[in-house]
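This report looks at how two protein chains meet in one model, and then at an annotated stretch of one of them.

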Amino acid sequence: MIDSCPATWYDGRTSRGREVTVRLTGETLVVSGEQLSASYPLAEVRIDPPLGRTLRALHFPDGASAETGAADFLDELQRRQGKPPLWRQLHRWEMSPRRALVALAATALIIFCFVRFAVPILAQKVAFALPAATEALIGRQTLQILDRSVMQPSKLSRQRKQELTALFRAVTASHPERQGWRLEFRDSKGLGANAFALPSGIVIVTDAMAELAEKDEEMAGVLAHEAGHLARRHALRHVLQNSATVLIVACLTGDIVSASSFAATLPTALIDAKYSRDFEREADAAAVGYLKQQRIPVRRYAETLARLDAEHHKERDAAPRLGEMFDNHPMMLERVKDVLAAE
Amino acid sequence: MPHFTLVCPVCNFSKELDTNSLPPQGTKVTCPACRSVFPLQTEEPPADPATAAAPPAADGEAAAPAAPRKPIPEKPRTLTFSFTGNAREYFGIWIVNTLLRIVTLGLYSPWAKVRKRRYFYGNSLLDGAPFDFLADPWAILRGWLIAGLFFGAYSFASRANVIAALAFMLLFFAIFPWVVVRSRIFNLRNSTHRNIRFGFDPDYREAYRVFLWWQLLVPFTGGVLMPYVIYRQKRFLVENSRYGTTPFRFHAAAGEYFRIFLPLLVLIPLGIGTGVAVALLFKGDKFAAAVPVLIFALIYPITALYVQTAFTNLTWNSTSLGKHRFRCSLRVRDLAWIYLTNAAAVLLSLGLLAPWAAVRTLRYRLGHLTASGVGGFDAIIAASQQQIDATAEELGDLLGFDLGI
């Protein structure tokens, strides 16, 4: 066994370094060099835990220290001190490429499970616990932003609006929380034929959507789908889940270089697509349930979805719009299939 | 005519001067070679400890005519900084830190922080000797919790009402200089080199003057005062720092900080002018509207990087420790390339190349820093010990301030 090592000695009072030899004699460490000789009980010497390939120091009780690269000797000393092997274990994990990969896989797995399973549950709990006033505020502000950016006042006739509002009432009649839910009409070039639910019970139908789904039977399916979103607070949960994901990804990747917080955007977008798919499926199930109850053929709803998809596809071919980097065309086909299967 | 040899204590530059034309003892003089400022000493300096320690030998050899009476003046030499860490090692440390932080719900963070910093310090060598970081993770955890409480109270108050939030902001402004000082004390006190701790002498009066009073004046002068305020802040941070008992000295003049902004006086109007010209020339063109945005997106990061780099270089180049003068020669185009490629690599690897980016940046920075002067850093005397808590530093960390120079 090795019982000594060369080291650079610093007395802690001046910065001058001296070449010495540190030797273990029984339970005592003896430091000897030119015009220098000191001995310390091993138990009172603090030894730096291993870290990369950095020099490690022995810290002596009188404030002196000795720096050395003799890792094996120091490990042996630490074993003799009876110190728990915690840091040595940590060092082994850090230094072995295979274990680093295991740590990487474990990290990725934990993050994945958390984002996939824990975040949606937490978001759901929070969404239902949030005071109604807060949700109303979020809904109002979202609507304002949309009004300012992509939506214009509706050009539908007053009669058509009244018909659709009555239909919305009928569709939501069986929901216990329908109070405060309302239907809004907007015109929008950017959004095309579309209907969506905002927090606090706002459903928006675009003029193009009202034209595309002329018959009440078709519109009932669309409105039941949106009512499904409302009852499950999907809009709010979506916002909460995405903020949580952005926070997590930014925490993990953004702490080294500030510019790298861009790295947070790509995984977030991918996870976002997954979240919205789950929500759409749930809302479709709600729509199918309603239609069956009303004895309206589910096929009508599937046709409406297919037509919506075709409409969007046509527009996209004409001029690709920003923000549709993640084409949800396959998702639409899948949804149509699912709805037809439910028939 | 009696002559006097004036020797610069920093770079050892010497010059023969006529004794009659000398200014009085203690006058501040500027070295023509390295531009250090030091007080004039017309009397012989007291014998240095090395010769004083061995008087019998000196006396005994005085009889021998061949022996030199004076010790030969040491030649100035350049000590280099270097970084010996590598991305592969740091990746292991980084991923284990990340995993443990997640598993412990963040409680491991102080240990992760100390381990990361010890790796970086231990691999930063000055003249072959490493630095070390000795902070106690428990102290950092405590500071973390206090800072977290402060922040929690702030976000709660800001939601409850505006006045409470405003009061918190004022409170934060009021304690900010204190936070700067405490954070610097904590960081320097826990940094060692050759078993000697660094230190920072708290001068709260000056801290409030430069970080609150002068800072508050900047908006009222339309920003013109900013270089001066930065100069004062750097001077404050450098001059109160010490290595053992040896203080750091700061030699820059305020004018040099103003000079950094000179190129911007041309660059910024040029950018704005081009933007406006393009917008006017191609009025109504869809793509021309994007040009001013593009110019801004290009000029802003370059300007920020240039100013930051120039400040770092100037501050280090104006700093001396004992008989050593620091020299920092970072180049804007090198840093721009490093940051750009770092961002691309980290982005494309979903963050996995972040350790590589950190190691690479530090290696470049340390590779362009040197200290030159007489002898080595081996005659520094340690200062007495004192414990400092980590609250202030963590407060600074949480609020996103970079408190290093």
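In this predicted model, the side chains of B:Arg115 and A:Glu94 come together in a salt bridge, with 2.7 Å from N to O. Between chain B and chain A the count is three salt bridges, and across their interface eight residue pairs are in polar contact, both residues being at pLDDT 80 or more.

The elements of chain B that each supply at least two residues of the side touching chain A are listed here.

| Element of chain B | Residues |
|---|---|
| Helix 3 | 87-103 |
| Helix 4 | 109-122 |
| Strand 7 | 129-133 |
| Helix 12 | 332-348 |
| Helix 13 | 354-367 |

Helix 3 of chain B gives the largest share of that side, 14 residues. By residue class, the side of chain B that touches chain A divides into 29 nonpolar, seven polar and eight charged residues.

The contact as a whole takes 44 residues from chain B and 46 residues from chain A. The size of an interface is often given as the accessible area lost when the parts come together. Chain B and chain A bury about 3600 Å² between them, and 66% of this lies on carbon and sulfur atoms.

For chain A, an unreviewed UniProt entry places the feature "domain: DUF7092" at residues 5-80. That span of chain A is 13% helix and 49% strand, and its end C-alpha atoms lie 16 Å apart.

How values were computed
Residues numbered from 1 in each chain as written. Chains lettered and ligands numbered in written order. Predicted model: local features only at pLDDT ≥ 70, side-chain atom pairs only at ≥ 80, totals over all residues. Heavy atoms only, no water. UniProt positions renumbered as here; feature names shortened; annotations may be inferred. Helix = DSSP H or I, 4+ residues; strand = E, 2+ residues; numbered from the N terminus. Contact = heavy atoms within 4.5 Å. Buried area = accessible area lost by both parts, 1.4 Å probe. Salt bridge = Lys/Arg side-chain N within 4 Å of Asp/Glu carboxyl O. Polar contact = N/O pair within 3.5 Å; in protein donor to acceptor, adjacent residues only side chain to side chain. Nonpolar A, V, L, I, M, F, W, Y, C, P; charged D, E, K, R; others polar.
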